[in-house]
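Here are my notes on this one, in numbered points. Have a look at the model, then read on.

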Amino acid sequence: MIGNLAKLSYVRGVSQSVASGIKAAAVPVKVVSEPTVAGPTPIVASSPLCDLPRNVVRAVSGVAAIGQIRLAHTDIQVPDFSDYRRDAVKRPNAKNNSSDDRAAFTYLMVGGAVVSTAYVAKSMVATFVSSMSASADVLAMAKIEVKLSDIPEGKSVTFKWRGKPLFIRHRTPAEISAEQSVNTGTLRDPQSDADRVKNPEWLVVIGVCTHLGCVPIANAGDFGGYYCPCHGSHYDASGRIRKGPAPLNLEVPHYEFPEDGLVVVG
C-alpha cells in the first residue's frame, strides 16, 4: 500500500529561464521528486555536488536546468507632457469649452488651403492653355486691313493673308449687272452673286483654285474674272466656276467694312 502511494506521489518539477539583461533574483533550479518507500525526512540541497542518498528529493541547479523567471520594473517613471497640453484639458474634472474655437481654426486653415490650391491650379491651367495659343506673329496675320481707295475701278489687287493670296476686286457697274443676271441653275456650284458679296462694288475671295490649289490670274479667262492656267479653270467676276475642271467656286473669307473705304478680312 505504501509502495503504491509512493508511486502516485512521483512529482517532477520543471522551470525555464529566459535570457534577459536583468539579473535574476534567484538561481533557477530543477526539482526532481522520486518515490520513496520509507526513510528519513527528505533533504533539499542547493547544489548537485552534495552527496545525497537515493530515493530522496533532490534540487539540481546549473546550465542544464530549465527555468523561467519573470521580473517587473517598479521604478519606471512615466513622462510628463504637461508643458505641451492646453490649460483647458489639464484638469480631468474640468469641462473643455475650447472645441468650438479649435474647430473654427481648423475650418479656417482648410478653407485657406483650398482657396490657395484652386488659385494655383487656375494659374497652371491658364499658363498651359496660353502656351498652346497662336504666337504673336500668327495673331498679327489673323486679320488684314485694306484701304479700298488704293484699288482702282475694274482692277483686282492681290494681298497676302494667312499665307494665301487674297483677291480684292473693285467691280464696275457693268460687271455687277452681268453677274447679278446669271441664271444659277446653269452653274456647277450654284450660288447667286448677292450671296457672295456684302457690297456689290467689292469682291473679296481667296485666290486659290479649287481644283489643285493653283493661283488663278485676275482679269483673264472666257468670263472676264479669273483664269487658272494650270488646268484651264475659268471663273467669272463673282469668283464662280464657269468652265474647266474646278469643282467649286473660289472661297469667300470672312470680312467686314468697319467704315467707308476700309475692309477688314479675318
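1. The largest nonpolar core has 25 residues, and the ones with the most contacts inside it are Leu 166, Ile 168, Tyr 235, Val 263 and Val 265. By nonpolar core I mean buried Ala, Val, Leu, Ile, Met, Phe, Trp, Tyr and Cys residues joined through side-chain atoms within 4.5 Å; buried is under 20% relative accessible area with a 1.4 Å probe, protein chains only. At least two residues each come from strands S4 (144–147), S6 (164–170), S7, S9 (226–228) and S13 (262–265), and S7 gives the most, with 5 residues. Strands here are DSSP E runs of at least two residues, numbered from the N terminus.

2. Keep in mind that this is a predicted model: local features need pLDDT of at least 70, side-chain atom pairs count only at 80 or more, and totals for chains, interfaces and linings use all residues. Residues are numbered from 1 along each chain as its sequence is written, and side-chain values use heavy atoms, leaving out hydrogens and water.

3. Leu 203 sits in S7 (residues 202–206) and is buried, at 0% relative accessible area. Beyond four places in sequence, its contacts (heavy atoms within 4.5 Å) include Phe 167, Ile 168, Val 197 and Tyr 226.

4. Tyr 235, looked at likewise beyond four places in sequence, touches Phe 223, Tyr 226, Ile 241 and Leu 248, among others.

5. There is also an open antiparallel sheet of 4 strands, ordered S8-S9-S10-S11. Strands pair if DSSP finds at least two bridges between them. S8 (217–218) and S11 (241–243) are the edges: each has a single partner strand, so one side of each lacks a neighbour in the sheet. S10 (residues 233–235) and S11 are joined by 2 bridges, and His 234 has Lys 243 in S11 as its bridge partner.

Technical notes
Buried < 20%, exposed > 50% of the residue type's maximum accessible area, 1.4 Å probe, protein only.
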